[in-house]
Amino acid sequence: MKRIFLVLIVALALQSCSEKIGKDAVANTNWVLTEWPGETMPNTTKKATLSFGDADQVSGKSFCNGFGGTAKIEGSTIKFSELMGTMMFCEDVGQAEGKYTAGLKNTDSFKVVGGKLQLLQNGKLLMVFSKAE
């Protein structure tokens, strides 16, 4: 009985850490940027977010301004395009906004590991998002 219980616990732990790819991994989900390797997060309460619809729609906030566009997903490849957003002046996050949207446009693949969305370019980690509440 103990062995069965232990096997069940290990199986559940491995499943929660497994890598997920494809449209189903992100369809109808909302994410918040939590890690930005090589970049400095702005010192503000404003958040960068990313939301996927059930088709190819994507939207979010680039700290201050809202944006929308498309995200074409095939397997683990993703291509953000047609990103358009508001153009409010946001002094405290201005440079970060440009770098954030540039990072989205440069992304060529993704994966969801341990409940976190990772965006990559040529295998290099660009951004990590946690599920929004």
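Among contacts in the protein chain between residues at least 6 apart in sequence, 51% join residues at least 24 apart; a contact here means heavy atoms within 4.5 Å. The model is predicted, and local features need pLDDT of at least 70, side-chain atom pairs count only at pLDDT 80 or more, while totals for chains, interfaces and linings use all residues. Residues are numbered from 1 along each chain as its sequence is written, and side-chain values use heavy atoms, with hydrogens and water left out.

The predictor's confidence in each residue is given as pLDDT, on a scale from 0 to 100. The protein chain has an average pLDDT of 87, and 86% of the residues score at least 70. Residues 4-17 fall below 50, and this stretch has four contacts in the model beyond near neighbours in sequence. Where pLDDT is low, the predicted coordinates should not be read in detail.

The protein chain contains three helices and nine strands. Both are DSSP runs numbered from the N terminus: helices are H or I with at least four residues, strands E with at least two. Along the sequence the order is α-β-α-β-β-β-β-β-α-β-β-β.

Next comes the pairing of the strands. Two strands pair if DSSP finds at least two bridges between them. Strand S7 (residues 109-113) and strand S8 (residues 116-121) run antiparallel and are joined by five bridges. Lys111 has Gln118 in S8 as its bridge partner. S7 and S8 make a hairpin with two residues between them, and Gly114 in the turn has a positive phi of about 60 degrees.

S8 also pairs with strand S9 (residues 124-131), in the antiparallel sense and over six bridges. In this pairing Leu117 stands opposite Phe129 in S9. Here too there is a hairpin with two residues between the strands S8 and S9, and Asn122 in the turn has a positive phi of about 50 degrees.

S9 in turn pairs with S2 in the antiparallel sense over four bridges, with Glu35 opposite Val128 in S9. Strand S2 (residues 29-35) is paired with strand S3 (residues 49-52) as well, antiparallel and over four bridges. Thr29 stands opposite Phe52 in S3.

How much of the chain is buried? Buried residues make up 36% of the 133 residues, where buried means under 20% relative accessible area, exposed over 50%, and partly exposed in between (1.4 Å probe, protein chains only). A nonpolar core is a set of buried Ala, Val, Leu, Ile, Met, Phe, Trp, Tyr and Cys residues joined through side-chain atoms within 4.5 Å. The largest such core has 29 residues, and those with the most contacts inside it include Leu117, Phe129 and Tyr100.

Leaving aside neighbours within four places in sequence, Tyr100 is in contact with residues including Leu33, Leu50, Lys61 and Met127. Tyr100 also belongs to one aromatic cluster with Trp36, Phe63, Phe67 and Phe129. Rings of Phe, Tyr and Trp (its six-membered ring) pair if their centres lie within 6.5 Å; planes under 30 degrees apart count as stacked, over 60 as edge-to-face and the rest as tilted. By this rule there are five aromatic pairs.

A disulfide is a pair of cysteine sulfur atoms within 2.5 Å, and the count by this rule is one. Cys64 and Cys90 form the disulfide, with their sulfur atoms 1.8 Å apart. The pair links distant parts of the chain, 26 residues apart: Cys64 lies in the loop between strand S4 (57-62) and strand S5 (65-74), and Cys90 in the loop between strand S6 (77-85) and helix H3 (94-106). The link of Cys64 and Cys90 is left-handed, with -55 degrees about the S-S bond. Both Cys64 and Cys90 are buried.
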